[in-house]
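Visitor: Can you walk me through this structure? I'm new to it.
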Amino acid sequence: MPTDVHKSALPALQVTAVTAADARYPDLVRGWNQRFVCAPETVFLPTTTDEVAEAVRRAVRENKRLSVRSGGHCWEDFVHHPDVRIVLDMSALKAVYFDAEHGAFAVEAGALLLDVYERLYRGWGVTVPGGMCFQVGAGGHVSGGGWGLLCRRYGLVVDHLYAVEVVVVDEDGTVRTVVATREDDDPDRELWWAHTGGGGGNFGVVTRYWFRSPDTWTPTGGEPDPALLLPRPPAEVWVSAVSWQWDDLGREDFVRLVANYSAWQVAHRAPGDPYSDVCSLLSLNHRSNGAIGLITQVAANDPGSLRLLEDFLGAVTAGVRAPAGPVTTRMGEHGPMPELARPRRLPWMQATRYLGTANPTTNDPTQKGAFKSSYMRRDFPARHIDALYRHLVREDGGNPTASVMLSSFGGAVAAAGEDATAFPHRDAAFKLAWMIWWDDPADEAGCLSWLREFYEDVYADTGGVPVPGPVTDGAFVNYPDRDLSDPARNRSSSPWHELYYKANYPRLQQVKQRWDPRDVFRHRQSVRLPSPDGAAGHEGNRTGPPGV
């Protein structure tokens with residue numbers, strides 16, 4: 001039930017506060033992407049929901065712009081922006097436990113994904129189908145509709161979200177803590193819905209999520225068995241990592257490989273597909289990397305599981321003359337994996353830890369990066385593949401970190417309707433993530449130019465962006481991209497919010513109007529309050545104190 005707390009009714013709390021004079025400050029004013037560093041007056045480190053509410057109350061009372069950091073993996077400057085005066089660092093709120101009162105597993109917003117998986121699996125033999133990277137925080141990952149290598153079997157993480165606890169600010173400045181559930185008779189259900197893909201930093205501060213798969217238990221069904229309330233991952237999985245050397249890979253082989261991969265994803269995207277246990281990542285690296293690679297995970301549930309992997313690899317490599325070998329170079333965010341050139345059967349938890357931590361970017365304190373995303377509903381048109389090849393072999397883009405990662409979608413993800421959750425890309429067959437890193441600030445302009453020219457060329461027929469339609473299906477809000485709201489870069493008639501949210505955006509605006517009418521929680525691409533004329537609201541990066 002909602003807990004209403006007026007700002008004048010609470011006793012003073014001693015929230016840990018870090019300022020520039022504190023030795024911890026430099027570590028707390030930046031995230032994973034070293035491109036963005038802010039200079040807030042204060043970084044609060046709350047340990048309870050009440051302390052979060054107190055920190056928000058201070059920001060509202062003092063008219064200070066605030067942002068929220070869970071794992072620090074925001075790809076843009078939404079958290080670490082120059083105008084932010086208060087940062088709420090949620091890293092101390094990291095508990096994962098079974099909550100008998102709600103009959104669901106509670107995950108606090110600062111919990112890192114690998115910790116979530118280990119606690120759920122070792123404690124109860126269950127999991128949530130979340131993302132791969134071990135350092136990502138639950139707060140932003142879940143609210144954006146996070147996906148992972150079990151998505152084709154079990155859907156998105158939000159498909160198992162039962163409730164969310166959010167600290168919100170009313171129009172009169174009252175700070176409240178609200179628990180919203182997916183129950184049809186919950187008057188606050190829309191707040192739950194908005195956190196199933198509506199993105200972080202939009203409606204309030206998420207302090208805690210509760211997970212329970214639908215149709216597993218009701219309050220009238222007696223005491224729940226926690227081990228039956230969430231998916232049970234496979235005990236073991238097959239993991240494969242192979243690559244093709246650019247020196248062996250001519251244009252014809254490249255076209256065949258990419259076309260095969262996209263065709264397979266489209267052909268096997270239906271819910272209940274026999275290959276739903278197959279999930280893969282095809283890393284199309286710039287030629288300067290030396291190779292492109294394919295990482296695949298298949299649940300080893302039965303004696304035929306290895307055959308599923310072999311069938312998939314056979315379909316992707318059909319007609320490709322270049323030989324496949326071990327992964328000995330960086331593949332997007334992943335490092336070399338030569339030991340997986342032949343499929344290895346591993347315990348699921350060990351494979352999850354390995355793939356989640358075999359990521360050199362997560363621990364590099366010097367790297368800056370830029371990213372873009374898109375969803376594909378159909379096979380690549382020939383023009384798309386031509387553009388992919390052309391930019392990956394450009395001699396003026398010699399950065400071995402530059403790549404496009406194609407990843408599986410479909411399966412159980414497609415079982416839900418586009419408005420069942422705020423995440424709308426249910427009909428997508430696969431996803432693309434563009435990425436490039438650099439260390440030297442002098443390289444930034446060249447890296448950004450390459451990335452932008454590449455992306456805009458692939459989608460030149462639709463204004464330089466993947467407009468939702470028969471072939472493409474927009475972009476992923478958890479891979480935010482400021483260029484989508486720049487008319488010079490997005491020359492389509494689809495604004496950034498349509499690319500992220502499609503037809504769900506007006507509904508998200510209504511949630512914004514109810515739960516954040518002062519626009520306290522905002523960033524460069526946050527959900528806008530509805531305009532009086534019903535328009536989407538103004539573009540651009542809003543500055544100034546909360547409510548202004």
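Guide: What follows is a short chat about sheets, cores, a helix, pockets and one proline.

Visitor: What should I know before we start?
Guide: This is a predicted model, where local features need pLDDT of at least 70, side-chain atom pairs count only at pLDDT 80 or more, and totals for chains, interfaces and linings use all residues. Residues are numbered from 1 along each chain as its sequence is written, and side-chain values use heavy atoms, with hydrogens and water left out.

Visitor: OK, sheets. In what order do the strands of the four-stranded open sheet run?
Guide: The order is β1-β2-β4-β3, with mixed pairing. Strands here are DSSP runs of E with at least two residues, helices are runs of H or I with at least four, and both are numbered from the N terminus. Two strands pair if DSSP finds at least two bridges between them.

Visitor: Which strands stand at the edges?
Guide: β1 and β3 (66-69) do. Each has a single partner strand, so one side of each is left without a neighbour in the sheet. Neighbouring strands are turned by 25° against each other on average, direction ignored. For angles, axes are lines fitted to C-alpha atoms, for helices over the stretch in contact, and the range is 0 to 180 degrees between N-to-C directions.

Visitor: Why call the pairing mixed? What does β2 pair with, and in which sense?
Guide: β1 (residues 16-18) and β2 are antiparallel, over three bridges. β2 and β4 (residues 86-89) run parallel, also joined by three bridges. The pairing of the sheet is mixed. Strands of a sheet pair through backbone hydrogen bonds, either parallel or antiparallel.

Visitor: Next sheet. What is the order in the five-stranded one?
Guide: β5-β6-β9-β7-β8, an open sheet with antiparallel pairing. β5 (96-99) and β8 (175-181) are the edge strands, each pairing on one side only.

Visitor: How many bridges join β7 and β9?
Guide: Six, between β7 (residues 161-169) and β9 (residues 205-211). A163 stands opposite W210 in β9.

Visitor: Which strands does helix α2 lie across?
Guide: α2 (residues 49-61) lies across β7, β8 and β9, at about 35° to β7. It also lies across β2, β3 and β4, running at about 170° to β4.

Visitor: And the core. Which residues touch the most other members?
Guide: V56 and F254, in the largest nonpolar core, which has 158 residues. Such a core is a set of buried Ala, Val, Leu, Ile, Met, Phe, Trp, Tyr and Cys residues joined through side-chain atoms within 4.5 Å. Strand β17 (residues 430-438) gives the largest share, eight residues.

Visitor: What is V56 in contact with?
Guide: Leaving aside neighbours within four places in sequence, its contacts include L66, L88, V167 and F521. Contact means heavy atoms within 4.5 Å.

Visitor: What does the second core include?
Guide: It is separate, has nine residues, and includes V18, Y25, V29 and C38.

Visitor: What lines the pocket?
Guide: There are 22 lining residues, with D27, G31, R69, G71 and Q135 nearest its centre. Lining residues have an atom within 4 Å of a point. Helix α1 (residues 25-28) gives the most, three residues.

Visitor: Last one. Is P231 buried or exposed?
Guide: Buried, with a relative accessible area of 8%. P231 is in the loop between β9 and β10 (236-245). Its contacts beyond four places in sequence include G125, Y154 and S213.

Key. Buried means under 20% relative accessible area, exposed over 50%, partly exposed in between (1.4 Å probe, protein chains only). On a 1 Å grid over the protein atoms alone, a cavity is a set of points where a 1.4 Å probe fits but cannot get out, and a pocket is an open set with protein on both sides within 12 Å along at least five of seven lines; lining residues have an atom within 4 Å of a point.
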